[in-house]
Amino acid sequence: MFQIVKSSVVFSAALLLTFAATGGDWPEMRGPWRDGHVQAPGDTKPLGLPLHWSETENIKWKTEIPFRGWSTPVVLDGQVWLTTATEDGHDFHVLCLDAATGRITVNNKLFHADNPESLGNKVNSYATPSPVIEPGRVYVHFGSYGTACLATATAKVLWQRTDLPCRHYRGPSSSPILFDDLLILTLDGVDLHYTVALDKKTGKTVWKTDRSAVWNDEDVPGERAKLGDLRKGHSTPVIVTNAGQPLLLSAGAKAFYAYDPRTGREIWKVHHNDYSPAPRPLFQNGVAYFVTGTSKVELCAVKADGQGDVTDTHVAWRLRTHIGKYSSPILVDGLIYSAAAESFLTCVDSATGEAVWTERIGGTYEGSPVYADGRLYFFNLEGITTVIKPGRNCEILATNTLDDGLMASPAVAGKAFFIRTRTSLYRIEEGATGN
């Protein structure tokens, strides 16, 4: 089904330009702390990110991005990497932009699919999984269509895989993550459901673990059950440290899981009755927070010290008050903020699960929020960013509008936002007047 197509674009030496910023990078979809926070815990030094912007205010540059993709850009050492794919799903590309100028310096076609399966919806794209980057290497993933590792200094493909099967049906979504010497992928399709760890240096499989959920959908009527839709998942896992040990927290259809990221061994799981989870889990003070899926959307708190099936023993609370089913929640000072697809923003007490407030702020939310400079930034499909002050009252500080909608989650590096809309990538920072 697949053939590999070599790049037709020569790497540009301009990639070596220094990114003139105040420091800080965005190595993966939820940033350096994997939770949407720009700064380290306890760091309150002002970054100088803008509060206001528009098409004519605080735009350093705007670059049209070819084809289509909802992946978050990653930023490191003056480079911005992101993925895109043709709308028909035949060709899969990686792009690199000069962070200082916005100029596209690499447009590398990595994979080709002769017969891609139709997405069947307008929510997903063929380039939704976000890259992950580290010094010298960037890793890109298009689900079963292909995974590759490239050298950031030359854009040379160091290794690639096209033999990780999964019928995505609604398209690939889960992003790759790094842990030690492993690149960890999640493939939750309608036919196969597993997590796999690859040696990041060679791309060879180190371990593979199948989901152990009890599906109980054989007698459920309707096309969704028949086609396997009730077994799909879209969430990206997160690695945390609990009691001195690493845990891989992963949300799947019908269950949440904790794995040992070194071996893939399942440590515990919690059963639930939903499918197609998309938000990334959160973790703080020994408690993991998961969103169940898209049908019976719940935010659940799970004590992370269990073993085996902990459904009846370790679930601290559940909440179904306007919880976002696509946008990942964010946790600030003991409060969880969740932006629903239907224009509601809910603030939840992380200790009790009680809704502190719920406000209709307008818009539809699928990209995930960012916290920096004492502000929360929420980005919607209509192109509007709503900025609020965290706290037990909803205080809106600003609303900012771009020409097109935001499906991707944003990135931050230094004092700049890198915001991807449906058509373009922007660098937004205070005082910028454009090139």
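**Group meeting: a walk around strand 29**

Hi everyone, let's start with a pair of neighbours: strand 28, residues 370-372, runs antiparallel to strand 29, and three bridges join the two. Strands here are DSSP runs of E with at least two residues, helices are runs of H or I with at least four, and both are numbered from the N terminus. Two strands count as paired if DSSP finds at least two bridges between them.

Before I go on, a word on where this comes from. This is a predicted model, in which local features need pLDDT of at least 70 and side-chain atom pairs count only at pLDDT 80 or more, while totals for chains, interfaces and linings use all residues. Residues are numbered from 1 along each chain as its sequence is written, and side-chain values use heavy atoms, with hydrogens and water left out.

Back to our hairpin. Strand 28 and strand 29 have two residues between them, and Asp373 in that turn has a positive phi of about 55°. Across the pairing, Ala372 sits opposite Arg375 of strand 29.

On to the next partner. Strand 29 also pairs with strand 30, residues 384-389, again in the antiparallel sense, over four bridges. Here Leu376 has Ile388 as its bridge partner in strand 30. These two strands form a hairpin as well, with four residues between them, and Gly383 in the turn has a positive phi of about 90°.

So is strand 29 buried or exposed? Five of its five residues, 375-379, are buried, so the strand is largely enclosed by the rest of the structure. Buried means under 20% relative accessible area, exposed means over 50%, and partly exposed is in between, with a 1.4 Å probe and protein chains only. Arg375, Tyr377 and Phe379 point one way, Leu376 and Phe378 point the other way, and all are buried.

Let's zoom out for a moment. Of the 435 residues, 61% are buried. Taking contacts between residues at least 6 apart in sequence, 56% join residues at least 24 apart; a contact means heavy atoms within 4.5 Å.

Most residues other than glycine have a negative phi. Phe67 is not a glycine, yet its phi is positive, about 65°. You'll find Phe67 in the loop between strand 2 (59-64) and strand 3 (74-76). With a relative accessibility of 39%, Phe67 counts as partly exposed.

The other one is Asp333, also not a glycine, with a positive phi of about 50°. Asp333 is in the loop between strand 24 (330-332) and strand 25 (335-339). Its relative accessible area is 73%, so Asp333 is exposed.

Let me finish with another aspartate. Asp188 belongs to strand 12, residues 182-188. Its relative accessibility is 5%, so Asp188 counts as buried. What is Asp188 in contact with, leaving aside neighbours within four places in sequence? The list is Cys166, His193, Tyr194, Arg211, Lys232, Gly233, Ala251 and Gly252.
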